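Dear colleague,

Please find below the structure for your review. My notes on it follow.

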Amino acid sequence: MDTGTENPKTSNRARVQAFGGFLTNMVLPNIGAFIAWGILTALFIPTGWFPNEDLAAIVGPAITYLLPLLLAHTGGRMVGGQRGAVMGTIGAIGLIVGSDIPMFLGAMAIGPLGGWLIKKVDKVIEDKIPAGFEMVVNNFSIGILGFLLMLFSFFVIGPIIVVANNFVTAAIEALVSTGFLPLLSIINEPAKVLFLNNVIDQGIYYPLGMQETLEVGKSIYFTVASNPGPGLGLLLAFTFFGKKVARRTAPGAIIIHFFGGIHELYFPYVLMKPITILGMIAGGMSGILTFQVFGAGLVAGPSPGSIFAYLALTPRGNFIGVIAGVLVGTIVSFLVTSAILKADKSTEDEFEESLEKSKRMKSEGKKLYTSGTATVAQPVNKIAFACDAGLGSSALGATTFKKRLKKVDLDEIDVKNYRIEDVPEESDIIVVHKNLLERTRMKHPDTRIVTIENYIEDSNLQDLLNELKER
């Protein structure tokens, strides 16, 4: 359990995680719109389930205007509030009109930029506006600045985004044409277990997938990092061949991972025994290869990445290929991971080691809150479970811990889930996966942090529960 408040030099991984979290929180509020567009595409384009020329006419404008504007609006609001949302949207229209590709990447850049600009301008003119002229100044400041940002987007940012997009598209299409697309798993799988999955999906594959879907009605890019099969295979291997706590918790993780779409559930198992990443890479590569062989793809990004989302976003004629890709990825990952686990002759279980270590740490000091050099008794009224997006693993952890508190009559303690950057300042304790510790400290250097490795059963959570019971 980490209760320190020191702020060591922030690693590049933590910075990338934070960037990925920012992208995620620009995209997640708008996932419903992306899914709506995907359903529209799957149903009414010429190759859809129910081809309809009139309704299919909505597809192009929705991906060209609606979705990028939503992203820019959300990004601007995250940085500069409602005025930032307006600024981001104004800037985005310059990008959209000035290019011939869907401007997702551009919108995710211009939205926060617009919010930052208006925030800075508002700070400069604060307390300098004559009484009675507030509305005039506020409206004209955003109007003039928005006008300039619109032109800047049209002439500068738009062309830069187009060049960058064309470069990335050409590089990945080269992999597709040469049959080497499965090699992406060598990058995808290690990045995912380091909680960089959102940088990959929201920053690269989803924009490319939306562009390809607009042209051909589906895209394999939506499957290259989101396939739930490899994670299922790994967890099945731990169910049959894992040791002690890992073996006992894996079945529960399977349900939440495969059906709930919370892939973070299998990350601790890989981190516990890093060599099992080979099973994930093999499963990911074989799944992508299978999707390629069948020419399968999805119509939108599956978020969360559950099997239900996969099937719901599968276009007509692709079900066999999509199911085969998930199944092959599962089998290959299971076989490779099982071989690794069976070859492991060690008798110690890392979960058990963690449990024993935490037991030795039990002392009166665990009831204290450390802040700088002072140590003071600190009541616990609010516990925040935090994760990258504030929805999947943190929601699961908060719900589970809340039930455990209720069983011991401690339900007066407020337990909620948040994304790391949104944890309220009044929180007494933040519970987060250990690989997100640095990122959490970046934002909350003075708050006590409890790190965990397993979202279902973790010794540090048990220790925290025992501590709260003894208060």
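In which helix is S185 found? S185 lies in helix 7, residues 185-216; helices (H or I, at least four residues) and strands (E, at least two) are DSSP runs numbered from the N terminus.

This is a predicted model, in which local features need pLDDT of at least 70 and side-chain atom pairs count only at pLDDT 80 or more, whereas totals for chains, interfaces and linings use all residues. Residues are numbered from 1 along each chain as its sequence is written, and side-chain values use heavy atoms, with hydrogens and water left out.

S185 has a relative accessible area of 0% and is therefore buried (under 20% relative accessible area, 1.4 Å probe, protein chains only). Leaving aside residues up to four places away in sequence, S185 touches P190, I281, G284, M285 and I288 (contact means heavy atoms within 4.5 Å).

For the protein chain as a whole, the secondary structure comprises 17 helices and six strands. Of its 471 residues, 52% count as buried.

I also draw your attention to a helix pair. The axes of helix 8 (residues 229-241) and helix 9 (residues 244-259) come within 7 Å and cross at roughly 155 degrees; axes are lines fitted to C-alpha atoms over the stretch in contact, and angles run from 0 to 180 degrees between N-to-C directions. Helix 8 is therefore roughly antiparallel to helix 9 (angles over 145 degrees). Residues of helix 8, including L232 and F238, meet residues of helix 9, among them A250 and I254.

With kind regards

Methods
Buried means under 20% relative accessible area, exposed over 50%, partly exposed in between (1.4 Å probe, protein chains only). Angles under 35 degrees count as roughly parallel, over 145 as roughly antiparallel, 65 to 115 as roughly perpendicular and the rest as oblique.
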